[in-house]
Amino acid sequence: MLSGRSGRARIALAATAVVLAVAAAALLTGGSPRSGSRALPTAKNFTLPALGHPGQHLMLAAYAGRPVIVNFFASWCVPCKKETPLLARFYRAEHGRVIILGVDSNDTAAAALRFVHAAGVTYPVGFDPAAATAAAYGVIAIPQTFFLNAHHRVVKRVFGAVTTKDLRTVTAVRGQ
């Protein structure tokens, strides 16, 4: 039996651990809020050097009012080698109706350029060599993809490689 201050301290510590575990689980599972229960999280704005375009920058804010898919990847990432060509084909098939922004993180520019060219990427890619933007989004493993509505609120977060089914979410994103 717990007694005195040490017992209360242990109970308080255990309760805090439970609260933190529940919060972490909701964050890691992309806990989608129920309709009307709470606001969708707003995506953090970012400005990154445009990969392969010296002097140019990629800014999320430039796409205000439009749904956006933000994909974090790297040339050395094994699942990205399958996912990135899928995203490239999807982007081409959508003919600009869907905005995809790639964020190459924790990589070298030369490797990243070779990778996106080999994958057939034609959508804009920002270069995040120190993974600062990835960290701001809470990305600790890649690939990871965020589906944003026109207000740049996160409506879906995919941990790991996206699938064709995930990309169909774009229809839902357009409507929000």
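Author: Start with a term: a residue is buried at under 20% relative accessible area, exposed at over 50%, and partly exposed in between, using a 1.4 Å probe and protein chains only. This is a predicted model, where local features need pLDDT of at least 70, side-chain atom pairs count only at pLDDT 80 or more, and totals for chains, interfaces and linings use all residues. Residues are numbered from 1 along each chain as its sequence is written, and side-chain values use heavy atoms, with hydrogens and water left out.

Reader: ok, what share of the 176 residues is buried?
Author: Buried residues come to 39% of the 176 in the protein chain.

Reader: And how many helices and strands are there?
Author: The protein chain has 6 helices and 7 strands. Both are DSSP runs numbered from the N terminus: helices are H or I with at least four residues, strands are E with at least two. From the N terminus the order is α-β-β-β-α-β-α-β-α-β-β-α-α.

Reader: Switching topic. How many aromatic pairs?
Author: The count is 6 aromatic pairs. Rings of Phe, Tyr and Trp (its six-membered ring) pair if their centres lie within 6.5 Å; planes under 30 degrees apart are stacked, over 60 edge-to-face, and the rest tilted.

Reader: Why is the pair of Phe72 and Phe146 edge-to-face?
Author: Because their planes are at 80°, with the ring centres 5.8 Å apart. Phe72 is in strand β3 (residues 68-73) and Phe146 in strand β6 (residues 144-148), so this pair ties together parts 74 residues apart in sequence.

Reader: Are those two buried or exposed?
Author: Phe72 is buried at 0% relative accessibility, and Phe146 is buried at 3%. Phe146 also forms an edge-to-face pair with Tyr137, 5.1 Å centre to centre and 75° between the planes. Tyr137 is buried too, at 8%.

Reader: Which residues form the aromatic cluster?
Author: Phe46, Phe72, Tyr137 and Phe146 form one cluster.

Reader: What lines it?
Author: The second largest pocket has 16 lining residues, and Leu51, His53, Tyr123, Pro124 and Val125 lie nearest its centre. The largest share of this lining, 3 residues, comes from α3.

Conventions. On a 1 Å grid over the protein atoms alone, a cavity is a set of points where a 1.4 Å probe fits but cannot get out, and a pocket is an open set with protein on both sides within 12 Å along at least five of seven lines; lining residues have an atom within 4 Å of a point.
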